[in-house]
Structures are given as structure tokens and as C-alpha cells.
Amino acid sequence: MESIYYVVTFLCHRTCRHCYDDRFRPYRGEGLRSVLEESVSLHPRIIDHFPEQMTYLNPHQIDPVTGKFQEEIGRIVLAGGEVLLDAVREPVLYSALERLFARYAGRVKLIVQTTGDLLTERILDQLLERHVWQISVSGIDAFHQGLEAEEARRRQVDTLTRLFESRGMRLDPLLQNPTERSRSLEDRSFHFFGATEERWIGPLWPRGRAWMNGLSKATLEDNFCARWSGAHHFLQYRYKGSEVSVEPNGNVYPCCLKTKRPIGNLVEDPLERILDRLIGHPVYEALSMGHPERMGIQYGWSMEKFLEASTVTLPDGRKYRNYCLGCDAFHDEVLGAERPLVQLTGRQS
């Protein structure tokens with residue numbers, strides 16, 4: 001598989017109003033203990049059910065020696081929440097990095113995603129000692145507290161850039177196309193992004209606090225399903241363009257935005273088995289092709305019905321249309337919260 005986006009914790013030090021999942025927030029007391037216990041206890045089992053090899057085939061590149069599709073090394077993004085918080089950094093993040101490096105004998109690109117404000121020289125050195133290939137700083141936008149002003153964001157980028165470059169890292173030259181990262185494992189890098197209009201995340205997903213706060217400006221033109229980190233190509237896991245999202249409890253989703261129900265759980269099953277049993281399923285094939293509007297055709301959901309379900313009236317009277325809403329409605333009506341996937345696929349696990 002080319003990429004696994006692994007959310008190792010829901011714990012965060014912020015409650016940003018644009019966040020796509022309300023579970024990313026500070027926890028205290030019993031809630032904190034529960035969130036930590038989940039991440040600490042389950043991450044070894046989850047990682048053990050990742051693919052045997054973290055490689056994929058690139059059909060656009062031919063190996064000059066074998067004449068076959070080029071085999072390339074995939075990547076695993078470890079994210080939160082905030083993975084650099086003291087409570088999770090060593091028992092979860094560092095433990096996961098060490099386990100992943102050992103599992104793949106170093107043949108994997110390990111990426112740590114962080115908001116950046118907790119990063120220090122000591123922590124950066126500890127990450128690099130654990131073979132982190134890239135640091136992805138995700139909080140460079142006006143939604144993050146303290147970075148509302150453009151000057152503050154510029155200072156943050158400049159400060160972190162000096163820190164990264166002092167360790168021999170360089171700015172990712174392929175920032176605009178994250179699916180084309182074919183650099184070597186020794187070529188360590190960093191990059192910055194945030195919820196800004198010029199990035200693919202600009203319209204904001206109709207999810208979590210972004211949706212509750214009325215911040216999403218996405219339209220039907222913003223087909224998140226057909227974009228990177230959407231479900232596009234997730235079933236073609238042996239080839240370029242494949243990615244899935246994993247939660248701290250092991251739930252697997254075909255996209256980072258997350259469908260209303262998971263497609264499986266890595267505490268229970270290996271990832272490849274979960275994906276194999278969905279191959280040929282009309283719902284998930286439509287998602288994998290980037291056409292969510294066709295996911296329900298065999299269940300009596302015409303494209304017209306799907307588009308109608310993708311349209312809502314906001315409290316201020318405005319019409320809002322996005323395919324994610326239709327996907328949610330289809331899951332609620334057809335798939336249901338409890339109906340086993342085997343009843344829909346006709347396949348046994």
C-alpha cells in the first residue's frame with residue numbers, strides 16, 4: 001500500500017473550531033485515562049495487522065532491469081490529535097515508530113504530523129533517531145490559536161525551518177503533489193500546510209466542528225472522494241494512489257473524512273483481508289473510483305436520489321451541497337449501524 005494515515009490518538013491540546021472530528025480535543029480525568037489506555041494498549045496489535053510489506057507498484061514507471069512496474073516504498077503517517085504531547089509521545093508515538101521500523105526492516109517512510117508548536121530540538125532529535133523520514137507541520141493557518149495573523153504564521157514557519165535545516169532536513173520539493181514522493185529514505189524533509197484557501201483542504205470538510213460551526217464552503221465541485229485522502233483508489237492497495245485511514249481503536253476507513261461506519265477493524269483482522277473482502281462490492285468500488293454518487297445504484301439509490309440526499313438547508317436558509325452528506329445518508333438508510341458487511345458482500349471473512 002502506498003500510504004496509511006494512522007491516527008494514534010484523539011488527545012489534543014487544542015479545540016480548534018475548524019477540526020473535522022470533535023474527538024480531537026483535551027481530555028481530563030477518566031476521559032484522559034480511557035483515551036490513553038486505548039492508544040497504548042491497542043497500537044501494537046494494530047501495527048501487527050498492517051500489510052506484510054509497505055511497498056506498492058507504480059504502473060507509470062517501468063523497472064529498467066525487470067521490465068515490470070516499478071516497486072516503490074510506501075509511507076505511514078502517524079497523526080493525532082497532537083502526537084507530541086507528553087502523555088502520548090513516548091508510550092504511543094515513539095513505541096509505534098520503533099515497532100514500524102522493526103516490522104518493515106527500515107523499508108518504510110515514516111511521517112509524523114504535528115501542529116508544530118510543541119516541537120523542540122530534543123524532540124526533533126528523538127524523532128530522527130527513530131528513523132522519521134518527514135515532519136509534516138499541519139497547523140499553519142488562521143484557525144490555530146496564536147497564528148491568526150499572517151505575521152505570526154510566517155514567524156512560526158521561519159523558526160521551524162531553521163530548526164529543521166539545522167538537522168540537515170530540507171523543504172519537501174514535492175509539497176504540491178504528496179502522492180509523488182519518491183525520494184530516498186535518507187533524504188529527510190519537512191513541509192507545512194494548513195486549512196487555507198490555496199490548499200486542497202481549503203473548502204473544509206463537512207465534518208466535526210467545521211460542520212457544526214458552519215465553516216465548510218465545499219460544494220458539489222469539491223468531490224473529496226476523488227482526491228488524495230479521499231477514498232479514491234483505496235481498494236487498489238497494491239498500486240500507486242492507495243491509502244486508508246486508521247483510528248486509535250483500530251477502525252479502518254476508506255478516507256480521512258471517514259464514512260459513517262468503518263470497513264473493518266485492525267485489532268480483529270489484517271488490513272489486506274479487510275480490503276480483499278470488499279473488492280467487487282458496488283458501494284466500495286464506487287468510492288474507490290471516486291464516484292460516491294453511484295454507490296447506491298444497486299440498492300435503489302439513483303444518482304438523482306443521492307444528489308438530493310447531498311443537499312441540506314442550513315439554519316441561515318442557505319443551500320449546502322456536498323457528496324459527503326449523501327454518503328452519510330446512504331450509510332444510515334441502507335448500510336445501517338449494525339448490519340454486517342458480509343450480508344452486503346455475500347462473502348465470508
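Student: Which residues of helix H3 are buried?
Tutor: In this predicted model, helix H3 (residues 121-129) has Ile123, Leu124, Gln126, Leu127 and Leu128 as buried residues. The term requires under 20% relative accessible area.

Student: What do the buried residues of H3 pack against?
Tutor: They pack against helix H2 (86-103), strand E5 (109-114), strand E6 (132-137) and helix H4 (150-166). Just after H3, histidine 131 takes a positive phi of about 70°.

Student: Why is phenylalanine 69 called partly exposed?
Tutor: Its relative accessibility is 37%. Buried means under 20% and exposed means over 50%, so phenylalanine 69 counts as partly exposed. This residue lies in strand E3 (residues 69-73).

Student: What makes Ile62, Phe69 and Tyr239 a patch?
Tutor: Patch members need over 30% relative accessible area, and nonpolar side chains are joined within 5 Å. Phenylalanine 69, at 37%, is over that cut-off. Together, Ile62, Phe69 and Tyr239 form a nonpolar surface patch with about 270 Å² of accessible area.

Student: Why is strand E4 called largely enclosed by the rest of the structure?
Tutor: Five of the five residues of E4 (residues 75-79) are buried, so the strand is largely enclosed. Arg75, Val77 and Ala79 point one way, while Ile76 and Leu78 point the other way.

Student: How do you know that E4 pairs with E1 and with E5?
Tutor: Pairing requires at least two bridges. Five bridges join E1 to E4, and four join E4 to E5; therefore both count as pairs. Each pair runs parallel. Valine 7 stands opposite alanine 79 in E4, and leucine 78 stands opposite valine 112 in E5.

Student: What makes E9 and E10 a pair of strands?
Tutor: Two bridges join E9 to strand E10 (residues 251-253), and at least two are required; therefore they pair, and they run antiparallel. Serine 245 has tyrosine 253 in E10 as its bridge partner. Four residues lie between the strands of this hairpin, in which glycine 250 takes a positive phi near 95°.

Conventions. Residues numbered from 1 in each chain as written. Predicted model: local features only at pLDDT ≥ 70, side-chain atom pairs only at ≥ 80, totals over all residues. Heavy atoms only, no water. Patch = residues over 30% accessible without salt bridge, like charges linked within 9 Å, V, L, I, M, F, W, Y side chains within 5 Å. Areas by Shrake-Rupley, 256 points an atom, 1.4 Å probe, with all protein chains shown as cover. Salt bridge = Lys/Arg side-chain N within 4 Å of Asp/Glu carboxyl O. Buried < 20%, exposed > 50% of the residue type's maximum accessible area, 1.4 Å probe, protein only. Contact = heavy atoms within 4.5 Å.
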